[in-house]
Amino acid sequence: STLFPSATLFRCEDEEELTEVAFRSVTQGRGVVARGNPSLRRFVMPNLVESGSIEFSDSGLEGTLDFSSLEVLNSHLNISRNDNLREVRLDSLVETDQEIVFMNNASLETIRLDSLESSPGYMSISGNSSLREIDMPELTNQGRFMTLRDNESLTTVRIPQLESVGDPDTAQYLWSSLHLSGNPQ
């Protein structure tokens with residue numbers, strides 16, 4: 001177990017024995033990147049409100065990855081190939097500057113994006129075989145494209161406020177799309 005009381009940037013790659021990381025008092029930072037950490041079971045950052053990029057890939061994370069205090073993401077979000085991760089909580093996230101990706105997380109059942117209003121980049125939620133429900137009740141504008149594909153257990157997609165994919169006032173609108181495929185349920 002490792003405790004970091006404060007940090008502006010956390011980067012952890014290919015750590016074979018790291019099992020837990022806790023940043024209990026961090027409220028703002030340049031980003032969190034954790035790649036290739038198969039022993040990492042728990043990551044705690046309960047008070048983060050604003051951050052740069054957040055990426056967790058190829059980790060042993062279990063249970064919930066909780067960023068429920070995060071309101072602003074000034075870069076991208078990438079949660080990929082975390083086989084034991086069951087839930088990602090981004091309940092307070094209102095805006096992000098770039099892409100949102102949830103890809104190939106075998107046990108991921110729940111993604112909470114309850115407050116997300118706009119996402120100017122692209123959004124891809126794909127290959128999450130246990131994902132059952134996607135609920136983004138406040139999302140009104142998806143900036144580029146949104147892809148929901150190959151989520152074998154997905155039964156419900158709720159985005160009731162979605163008004164546009166792409167910006168109708170720019171040429172970006174011409175290259176934008178909403179793509180749903182390979183979600184057999």
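I take buried to mean under 20% relative accessible area, exposed over 50%, and partly exposed in between, with a 1.4 Å probe and protein chains only. By that rule I find that Phe23 is buried, and so is Phe43.

The model is predicted, so I note that local features need pLDDT of at least 70 and side-chain atom pairs count only at pLDDT 80 or more, while totals for chains, interfaces and linings use all residues. Residues are numbered from 1 along each chain as its sequence is written, and side-chain values use heavy atoms, with hydrogens and water left out.

Next I looked up the aromatic pairs, where rings of Phe, Tyr and Trp (its six-membered ring) pair if their centres lie within 6.5 Å, and planes under 30 degrees apart count as stacked, over 60 as edge-to-face and the rest as tilted. I count seven aromatic pairs by this rule. Phe10 and Phe43 make a tilted one, with 5.6 Å from centre to centre and 50° between the planes. Phe10 is in strand β2 (residues 9–13) and Phe43 in strand β5 (residues 42–44), 33 residues apart, and the pair links these distant parts of the chain; strands are DSSP runs of E, at least two residues, numbered from the N terminus. I find both Phe10 and Phe43 buried.

Phe23 and Phe43 also form a tilted pair, at 5.8 Å centre to centre and 45° between the planes. Phe23 lies in the loop between β3 (20–22) and β4 (28–37) and Phe43 in strand β5, so this pair ties together parts 20 residues apart in sequence. I note that ring pairs link Phe10, Phe23, Phe43, Phe56 and Phe67 into a cluster.

Terms used: Helix = DSSP H or I, 4+ residues; strand = E, 2+ residues; numbered from the N terminus.
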